[in-house]
Amino acid sequence: MVKRQRKGIMIRLLSLVVVMLVLSAAAILRDGRIFGHDLRQTHAAVVSVAQGSDTLSVQPDGTFVVNTRVLAKDVQGYGGPVPLKIHIGKDGRLTAIEAEPNAESPSFFDRAKELFSRWQGKTIDEAMAEDVDAVSGATFSSKAIIGNVQRGLAYAKQHGLADGGKGAQEESAEHTVATGWTLGSIVALIAVLLGAVVPLFTNNRRLHLVQLVVNVVVLGLWTGTFVSYTLFLRLFAGGVSLSAIGTLAAPLLMLIVALLYPLAGRSGHYCAHVCPFGSAQELAGKLSRRKLRITPRVLRVLTALRNLLWGVLMALLLTGTCSAWIDYELFTAFIYSSASVWVIVLAMLFLVLSVWVPRPYCRFVCPTGALLKSVEC
C-alpha cells in the first residue's frame, strides 16, 4: 500500500513537471519571455541602439518622448510588461500617450487605454497628482498603465521636463512601487483561503453552499479571479513582481491549490471548492432535482471529445498557430464589461444546461480543467 502511494505521488509529481515544461514552452513561443527574462532582449537592445532610440528622445518639433520600457520593466500587466511612450510638449504638458507592443488581451487593453485621456493636456505635476483608478473589467492592464505613467512622469520630472526641459532638476524622484493591494484583492484572497482550507476539515453542506456563493460573487463577479491559460502564461512569461503582488496574491494561492493539492491526494479540490464558474454551475444544478441520464457509452464519447479538443488547442498554442483562444475561455464571462458577447452567451447556455446536467462545462469542455486533470494522473 505504501509503495503504491509513493508511486502515485511520483507519477503526479512527474506530471506536474511535464505541465510546467509545457507551459514554459508556450510562454516562450508566445511572448519570447520566461519568468520575466526577455529572451529577445539582446536583439532588441541592438535594434534600439541602431535606431538611436532611448528612454528619453526629442522629436523634430521639440516634443520630448519618455519610453517606459526600461523604467517600468518590472511593472506587469496580465500578459507582461506594458511599455508606453509619453509625449511631453515644450510647455511641459502631456500631449499624448502611446502604447508600445505588449501581450495584453486586446479586448481588455482597449478598455484600459481609456485612462490615457486622464493625463493628457496636464502638466507633469498635475498628472503626477492625478488620482486614477483602474478600469472595471481590465484591472491588470489598468494598473500596469498607471504604473508605467507614474514611472515615466517621475523620470520626466527628474530630468527637468516639467519646465519644458529648460533646466535639469537635481532632486531625484523616487519610484513608488504599488503592490496592488485593494479591498477587492484582499477579499478575494480571503475567499480563496476559505475554499482552500475549510473543506479540509469539514464537509458541512451549508458551509459548502456559502462557499459556492462567495466564489461566484467575490471571485467571479467582483474581482474576476480564476485560474486560466491566460493566467498561466502571464505568470510563466512575466513572473511575479512586487508591483503586482497584491493583485496576484489570490491567483497565486489558486494555483497552489490547483497544482499542489493533487500531490497530497486532494484531486479536483480547486474545481470543486474554489473555481467561480464551477461554483456557478453547481449552484444552477441545485435548481432542479431532475437530471438527464447520461449512459456510460455517451459519457465515454464526451470525455474523448473533451480530450481531443484539449489536444487540438494545445497543439495550436505550442505551434504558435493560434494562441488567441486562451482569451475566450468561459471564465472571462465574469468580466462582463469587456468579455466577448459570444463568451457571455455560451457561459449562460452552459449555466442553463447545468440545471439538468451536473457541471457540463467542467466535465466535457474546460481546457484549463483538462490541464489540471493531467496533473492528477
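Axes here are lines fitted to C-alpha atoms, for helices over the stretch in contact, and angles run from 0 to 180 degrees between N-to-C directions. Helices are DSSP runs (H or I, at least four residues), numbered from the N terminus. This is a predicted model: local features need pLDDT of at least 70, side-chain atom pairs count only at pLDDT 80 or more, and totals for chains, interfaces and linings use all residues. Residues are numbered from 1 along each chain as its sequence is written, and side-chain values use heavy atoms, with hydrogens and water left out.

First, the pair. The axes of α9, residues 229-238, and α10, residues 245-260, come within 12 Å and cross at roughly 105°. The two helices are therefore roughly perpendicular, the term for angles of 65 to 115 degrees.

Which residues of α9 meet α10? From α9 they are Leu231, Phe232, Arg234 and Leu235, and their partners in α10 are Leu248, Pro251, Leu252, Leu255 and Leu259; contact means heavy atoms within 4.5 Å. That contact divides into 8 nonpolar residues, no polar and 1 charged, where nonpolar covers Ala, Val, Leu, Ile, Met, Phe, Trp, Tyr, Cys and Pro, charged covers Asp, Glu, Lys and Arg, and polar covers the others, Gly among them.

In α9, 10 of the 10 residues are buried, so the rest of the structure largely encloses this helix. Buried means under 20% relative accessible area, exposed over 50%, partly exposed in between, with a 1.4 Å probe and protein chains only. After α9 comes Gly239, with a positive phi near 70°.

Now the cysteines. There are 0 disulfides, a disulfide being a pair of cysteine sulfur atoms within 2.5 Å. For Cys271, the closest cysteine sulfur is in Cys275, 6.1 Å away and too far for a bond. Cys271 is partly exposed at 26% relative accessible area, and Cys322 is partly exposed at 31%.

Key:
Angles under 35 degrees count as roughly parallel, over 145 as roughly antiparallel, 65 to 115 as roughly perpendicular and the rest as oblique.
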